[in-house]
Amino acid sequence: MTASFSRWGPLLRRPIDLGWARLRAPYATALGLCFAVLALRSHARLFQAHLWAEDGAVFLADALAHGLGATLIPYAGYLHIVPRLLAWGLSLLPIEAFALGLAFVILAINAAVFALIARVRFRWLVPHDGVRVLAAMALCFLPGTWEVTGNLANLHSILFYAVMLVALQDLERPLGIADGVVLLAAASSAGEGVLLAPVFLLRGLMRWRDGRPLREVLWEGLAVGVLTVPAGVNMVLFRQSGMPASDFAHWPLSRMAEHLWNTFNVRYVLHPVLGDGGTLSYFRRPLAVRIGVACGFIAVLVLGLRRVPARPRVLLLAACACVFLLIPLTWYVRSGSAEYPTFGRFWDPGVVEDRYMLFALPAGIVLWVAALERFRSLFAAGLCVAVMVLAYPRWAFEPWGSERDWARTAHLIRAARETPGAEAFVPINPTGWSVFVRGAPRQGP
């Protein structure tokens, strides 16, 4: 028996080789799979294409009224360059194609961002190509994607994580033109991207200490500038907008600490492993059980991260810390958001689809995948598959709302625009939102 076990033992411990450890085109593979997954999840929205909130009420309405001139019009206190450019470009098509075209374009952008983790530049963090492809797919199944995926209104939340992923790339490879385009797009449309500027400062310092060419160090400094300058503009615009800031800064420290700990615990420790139901169950357990579970998971994370090489580990932890700052920033700039049930104890399953549930979770997934991959690739791959499987109860995205007949909506928009002097409010989703359309000027007598 002992001889038999000794013969089979090495085989059982050997990693399973499916030929996916080194893929020929990992990013293209992840991009295709992510787009397919997002399109399948959004099939009802594609068959009944329509608009959501600001996609019609702000971006389409302003594109129809001002054309390309709407690009620099601020909304809610900051710039939305990319959403406005996309709305303007799509508005040049027949209006009947706008809703479906918008859905496909935004799903493609979402897939392109999530697939960034699969790039060869991330082998220093997660060496196995197949695991990174699965991690990209896992990002497509996170809570909060119900509202965030496939619309212009929440594109800034996706672009923010594009900045995070660019910041985690291999320092042996200098930032390229594609990285600059990603950062510029995010900075001009996701003001919160400035929170990751310290990570690029750290990257620049590491390159300088390594004696890398000055050009590479300056690229990191340029990335800091690209993220910081638009943020300064947005700060001025936010103050001019008159939007009320939250009273979060005046909370008692004990209350603030409780909210921050619970949010950190859910996003970085629990949900990437337990999913929706497991995390809900955790908060129903006695305090001693919760402390034990949290400490156990944190211990596994620490042990795994200690096996990650020092440089990618430092950047990963710095990025996770900066990403988490998005939560108190949101609490400050959006009045009342700190009281949302998505922040704090995870009691209500109804909050899973709220867009705020996505905040910091992509960083949590990357953190866990990097840690578990250092034990064995199979563990990290299993985690990614579990994220997708545990999301099954919310797998399909239903249509945006009651307005589902885009042909009728497009006809109303076209008719109003072609009627001299007409003004019309055309309903979209959710209930109460509409596109304001103004007709051509009346001809003189």
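I counted a salt bridge wherever a side-chain nitrogen of Lys or Arg lies within 4 Å of a carboxyl oxygen of Asp or Glu. The model is predicted, so I took local features only at pLDDT of at least 70 and side-chain atom pairs only at pLDDT 80 or more, while totals for chains, interfaces and linings use all residues. Side-chain values use heavy atoms, without hydrogens and water, and residues are numbered from 1 along each chain as its sequence is written.

Entry 1, salt bridges. I searched the whole structure and found 18 salt bridges. One network links Glu 172, Arg 203, Arg 207, Asp 210, Arg 212, Glu 216, Glu 220 and Arg 311.

For Glu 220 and Arg 203 I got 3.1 Å between the closest N and O atoms. Glu 220 sits in helix 12 (residues 214–241) and Arg 203 in helix 11 (residues 197–209), 17 residues apart; helices are DSSP runs of H or I with at least four residues, strands are runs of E with at least two, and both are numbered from the N terminus. For Arg 207 and Glu 216 the closest N and O atoms are 2.8 Å apart.

I used relative accessible area: buried is under 20%, exposed over 50%, partly exposed in between (1.4 Å probe, protein chains only). Glu 220 is buried at 0%, as Arg 203 is at 0%. Arg 207 is buried at 1%, and Glu 216 is buried at 6%.

Glu 423 forms a salt bridge with Arg 438, with closest N and O atoms 2.6 Å apart. The pair joins strand 1 to strand 2 across 15 residues. Glu 423 is exposed at 52%, and Arg 438 is exposed at 52%.
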